[in-house]
Amino acid sequence: KSANPQWREQFDFHYFSDRKDMLHIEVWRKDNKKHEELLGTCQVDIAALPTKQTNCLELPLERHPGSLLMLVAVAPCTGVSISDLCVCPLGDPSERQQISQRYCIKNSFRDIKDVGFLQVKVLKAVDLLAADFAGKSDPFCVLELGNDSLQTHTVYKNLNPEWNKVFTFPIKDIHDVLEVTVFDEDGDKPPDFLGKVAIPLLSV
C-alpha cells in the first residue's frame with residue numbers, strides 16, 4: 001500500500017568483466033496472490049560504471065511514471081569461483097595449509113566479516129524427471145547461498161547429467177542455507193523445475 005516503497009535490500013551478483021551484460025530491473029505490483037502488474041523497467045550498463053566505488057543511481061522507469069533509487073558498487077570478486085573438478089582449490093596441499101592458518105583459533109577476531117567459505121562439488125544427478133516430449137531433459141543446476149547465486153552449464157538431452165564442477169562461496173552468515181535446484185532449460189521460456197534440496201550450513 002505504498003507509492004514510495006523502501007526495500008533496503010542488498011544483492012550480490014557475480015559479474016565477470018569479459019561479459020557485456022546489462023543489469024535489468026523490473027518493478028511489479030501485487031494485488032493478491034493471482035494478479036500481478038508490471039509497474040516499469042530500467043537497466044544499468046555495468047561496464048560503464050566506475051569501479052571500486054559506490055554509485056548512487058536514480059533511474060527513471062521506462063514507459064511508466066516513477067523512478068528507482070539504488071546504490072551499485074562494482075568491486076573485484078573475492079572468494080567466489082567456479083572450476084573443474086581436476087583443479088579444485090582445496091585439492092592443493094599448500095592452499096589447504098594457508099586456509100588452516102587463516103582460520104586457526106588465534107586469528108578468529110582478525111577479520112570479523114570473514115566467517116569462512118563453502119566449497120561445493122556438484123558431480124551429477126540421477127533419474128531426473130523427463131521435461132521434454134522426447135522423454136529427455138536439458139538440466140542445469142543452480143546453487144544459492146544467501147543472495148549469492150552460481151550455476152553449472154546445461155547438459156542437453158540427459159536424465160543423468162554429469163557436471164563435475166567445484167563452486168566456492170564466501171560465508172557471510174553461518175545460519176545461511178545452501179539451496180541446490182535443478183532446472184530444465186527451455187529455450188526462451190522460463191526453465192522448468194526438476195527438484196531441489198536445502199542444506200543448512202550448521203549441518204555441514
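Which residue in E9 is the bridge partner of Ile 82? In this predicted model, the partner of Ile 82 is Phe 167. Local features require pLDDT of at least 70 and side-chain atom pairs count only at pLDDT 80 or more, whereas totals for chains, interfaces and linings use all residues. Residues are numbered from 1 along each chain as its sequence is written, and side-chain values use heavy atoms, with hydrogens and water left out.

The protein is divided into domain 1 (22-74) and domain 2 (81-203), with bounds that come from an automatic or database domain assignment. Taken over C-alpha atoms, the centres of domain 1 and domain 2 are separated by 28 Å. An unreviewed UniProt entry carries the annotation "domain: C2" for residues 1-59 and 93-204; UniProt positions are given in the numbering used here, feature names are shortened, and annotations may be inferred rather than shown by experiment. Over residues 93-204 the chain is 9% helix and 42% strand, and the end C-alpha atoms lie 22 Å apart. Helices (H or I, at least four residues) and strands (E, at least two) are DSSP runs, numbered from the N terminus.

Strand E3 (residues 54-60) and strand E4 (residues 67-73) run antiparallel and are joined by seven bridges. Two strands are taken to pair if DSSP finds at least two bridges between them. Leu 59 has Leu 68 as its bridge partner in E4. The covered face of E3 consists of Asn 55, Leu 57 and Leu 59, and the uncovered face of Thr 54, Cys 56, Glu 58 and Pro 60. Six residues lie between the strands in the hairpin of E3 and E4, where Arg 63 takes a positive phi near 60°.

An open sheet is formed by three strands in the order E5-E9-E6, with antiparallel pairing. Strand E5 (81-84) and strand E6 (116-124) each have a single partner strand and stand at the edges, so one side of each is left without a neighbour in the sheet. Neighbouring strands of this sheet are turned by 20° against each other on average, direction ignored; axes are lines fitted to C-alpha atoms, for helices over the stretch in contact, and angles run from 0 to 180 degrees between N-to-C directions. The antiparallel pairing of E5 with strand E9 (residues 162-171) extends over four bridges.

Lys 165, found in strand E9, is buried, with a relative accessible area of 19%. Buried means under 20% relative accessible area, exposed over 50%, and partly exposed in between (1.4 Å probe, protein chains only). Leaving aside neighbours within four places in sequence, Lys 165 is in contact (heavy atoms within 4.5 Å) with Ile 82, Ser 83, Asp 84, Val 120, Lys 121, Val 122 and His 153. Asn 164, also in strand E9, counts as partly exposed at 28% relative accessibility. The phi of Asn 164 is near 50°, a positive value in a residue other than glycine. Lys 157, in the loop between E8 and E9, likewise has a positive phi, near 55°. Most residues other than glycine have a negative phi.

Leu 85 is located in the loop between E5 and helix H1 (93-102) and, at 34% relative accessibility, counts as partly exposed. With neighbours within four places in sequence left aside, Leu 85 is in contact with Lys 121, Leu 123, Asn 164 and Val 166. The C-alpha atoms of Leu 85 and Asp 21, which are 64 residues apart along the chain, are separated by 27 Å.

Another open sheet has four strands in the order E8-E7-E10-E11, again with antiparallel pairing. Strand E8 (148-151) and strand E11 (192-200) stand at its edges, each with a single partner strand, so one side of each is left without a neighbour in the sheet. E10 and E11 pair over eight bridges, and Thr 181 has Lys 196 as its bridge partner in E11.

The largest nonpolar core has 20 residues, of which Leu 143 and Leu 178 touch the most other members. Such a core is a set of buried Ala, Val, Leu, Ile, Met, Phe, Trp, Tyr and Cys residues joined through side-chain atoms within 4.5 Å. At least two residues of this core are supplied by each of E6, strand E7 (139-145), E9 and strand E10 (177-184), and E9 gives the most, with four residues. A second, separate core has 13 residues, among them Leu 49, Leu 57, Leu 61 and Val 72.
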